[in-house]
Amino acid sequence: MTEEFRVFGPPGTGKTTMLSTWISQAAERYGSDAILVASFTRAAASELVRRNLPLDPSHVGTLHALCYRALGAPQIAETKASEFNEAQTHYKLSGGRFDLDEPNVAFVSDSDKLMNSYQVARATMTHRDAWTREVRAFAAAWEGWKWDTGYIDFTDMIEIALDERMAPPFGSTIGFFDEVQDFTPLELALVRNWGEQMDFIVLAGDDDQCIYQFKGATPDAFLTPPADDVHKRILRQSYRIPASVHRLSQKWISGVRERELKEFSPRDSEGSVERREELTWRYGAEAIAKELEHAGDVMVIASCSYQIAPIVANLREAGIPFHNPFRRKRGDWNPLKSGRGMATGERIASLLSPTWTYGDLASWMPMTRKKSNQNPGRWAELIADQPEDRIVSVALLGQVFQPGVIDEIRREPLTWLQENVLAAKSKAIEFPIRVIERYGVKALTETPRIVVGTIHSVKGGEADSVYLFPDLSPSGYAQWEAGDDSVRRMFYVGMTRPRERLVVCGQSTPHAVQL
């Protein structure tokens with residue numbers, strides 16, 4: 001066995017901070033070029049980069065990103081779904097990004113299901129003889145197409161690096177690997193292959209928080225083979241969880257059959273655990289929305305995204321800002337500011353700016369009808385090569401807009417926008433306008449106090465108060481009834497997010513666990 005050290009970080013014990021300190025110390029002692037840092041998710045890798053580690057940022061990333069660069073940035077097969085569909089007409093991949101935050105994802109097509117089963121089988125290193133006939137047939141079509149095109153898929157990156165015993169990227173001699181409980185057996189096999197070529201490696205994580213088993217992750221990969229106590233470090237103090245939440249969560253997680261026993265202390269606060277039967281995702285959404293406005297820094301989480309939808313709908317109707325900073329690309333969870341271009345809330349904020357820059361006009365003007373208000377040809381000519389932060393002169397505005405339009409906008413900007421917005425954007429502006437009417441325009445750019453999302457999406461996050469729904473999907477409940485520990489681990493992650501107050505909500509369906 002290589003020189004392998006394991007760091008177990010229970011919820012809120014400062015694992016990332018500790019890991020950052022050790023990485024910095026190792027860089028000082030052995031040189032920054034000797035260090036390699038990999039994490040399970042881009043978000044976790046980005047968080048380590050933000051810690052200002054004394055490393056070249058290229059030495060920090062996900063396993064897939066590190067392999068992608070080492071393989072010379074090959075063409076990725078998953079991004080070419082339309083080509084596959086044309087070549088293999090028997091199978092039709094949706095080409096969309098599945099909601100990988102949910103274990104019970106609703107796939108768009110039967111081929112999507114086969115693709116998922118195929119990738120999970122590879123991730124768990126399951127022998128092909130154990131694959132179903134349907135999965136083997138899909139695999140033959142997918143792999144034949146990849147061979148013909150020269151594309152590789154995400155799992156290929158790991159398999160190629162492992163099969164060819166690729167040297168650790170950058171010739172690194174020391175490796176730090178974070179969130180290891182969510183690595184698949186295939187990914188961990190690559191990590192240990194690299195470890196055999198390094199002086200030592202550090203695996204950090206918490207087997208109790210392994211919640212990506214539906215992708216092939218298994219806590220066993222982190223727990224085996226057994227390691228001597230001298231090679232293990234358990235962080236013993238939570239800086240997040242209050243005593244009441246600690247008591248409940250430790251009783252809950254003790255139901256997991258195979259785990260590393262980890263005694264750790266709560267922070268010096270009793271906090272509270274409340275049971276609110278009347279607050280359910282299906283029937284109590286309106287009451288929850290009203291309560292959230294006065295709940296401070298709060299998080300509302302459930303096992304599936306459809307259970308969050310009624311809460312989101314009521315927050316929208318009430319004009320109460322919310323977001324999910326961990327999943328910026330989900331526009332339904334980030335209506336005011338998203339990670340996919342500019343959100344409608346940001347565009348309206350630019351309209352309401354006291355002075356307009358070229359960037360402001362480029363932001364809000366595309367939402368409005370041009371025929372009666374603007375001189376489109378003149379606008380394109382005048383903005384050519386202008387910096388976005390440059391203030392637009394009154395004279396230029398007079399050339400861009402029809403006479404009197406600027407006065408109308410400045411006098412009643414929201415009324416003007418509602419009357420002149422494109423039909424395709426009329427629904428999108430409703431929520432930001434409600435927010436302005438309730439809290440003022442500054443609320444469009446301030447960070448919302450309310451976080452909504454699935455338990456999977458907020459892993460690593462925290463809030464003063466957490467509202468947790470106990471419901472599962474029918475398939476998730478079948479797993480629970482069968483004694484699947486992954487459900488218990490998922491709710492453990494959910495109930496360990498609060499700094500002060502955990503609110504266990506009521507159930508809307510028979511498919512719920514008794515937390």
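This is a predicted model: local features need pLDDT of at least 70, side-chain atom pairs count only at pLDDT 80 or more; totals for chains, interfaces and linings use all residues.
Where does Glu293 sit? Look in the loop between helix H11 (285–292) and strand E8 (298–302). With a relative accessible area of 15%, Glu293 falls under the 20% cut-off, so it counts as buried. Once neighbours within four places in sequence are set aside, Glu293 is in contact with Ile320, Arg438, Tyr439 and Arg449.

Ser269 is buried, at a relative accessible area of 18%. Leaving out neighbours within four places in sequence, the contacts of Ser269 are Pro242, Ala243 and Glu500.

## Strand E11 and its partners

Strand E11 (residues 498–505) has seven of its eight residues buried, so the rest of the structure largely encloses it. On one side, E11 pairs with strand E7 (residues 272–276) in the parallel sense, over five bridges. Within that pairing, Arg276 has Cys505 of E11 as its bridge partner.

Strand E10 (residues 463–468) also pairs with E11 in the parallel sense, again over five bridges. Here Val466 is the residue opposite Leu502 in E11.

## Strand E8, buried throughout

Is E8 largely enclosed or open? Five of its five residues are buried, so E8 is largely enclosed by the rest of the structure. Val298, Val300 and Ala302 point one way from the strand, while Met299 and Ile301 point the other way, and all are buried.

E8 runs parallel to E9, joined to it by five bridges. Ile301 stands opposite Gly453 in E9, and Val298 stands opposite Ile450. Turning to E10, four bridges join it to E8, and these two run parallel as well. Val298 has a bridge partner in E10 too, namely Ser465.

## Two helices with a buried face

Helix H12 (residues 309–318) has Ile311, Val312 and Leu315 buried. Seen down the H12 axis, these buried residues fall within an arc of 100°, so they line one face of the helix. What do they pack against? The buried residues of H12 pack against H11, E8, H19 and E9. After H12 comes Gly319, with a positive phi near 75°.

Helix H18 (residues 413–420) buries Leu414, Trp416, Leu417 and Asn420. These also line one face, because they fall within an arc of 160° when seen down the axis of H18. Their cover includes helix H13 (344–351), helix H14 (358–364), helix H17 (405–411) and helix H19 (430–439). As background for both helices, an α-helix has 3.6 residues a turn, so residues three or four places apart point the same way.

## Nonpolar cores

The largest nonpolar core has 60 residues, and Phe177 and Phe491 have the most contacts inside it. Which helix gives this core its largest share? That's helix H21 (residues 485–495), with six residues. Apart from this core lies another, of 52 residues, including Ala295, Val312, Phe401 and Phe469. Val312 is also one of the buried residues of H12.

What does Phe491 touch? Not counting residues up to four places away in sequence, Phe491 touches Trp252, Ile455, Leu468, Phe469, Pro470, Asp471, Leu472, Val513 and Leu515.

Conventions. Residues are numbered from 1 along each chain as its sequence is written. Side-chain values use heavy atoms; hydrogens and water are left out. Buried means under 20% relative accessible area, exposed over 50%, partly exposed in between (1.4 Å probe, protein chains only). Contact means heavy atoms within 4.5 Å. Two strands pair if DSSP finds at least two bridges between them. A nonpolar core is a set of buried Ala, Val, Leu, Ile, Met, Phe, Trp, Tyr and Cys residues joined through side-chain atoms within 4.5 Å. The arc is that of the directions from the helix axis to the C-beta atoms.
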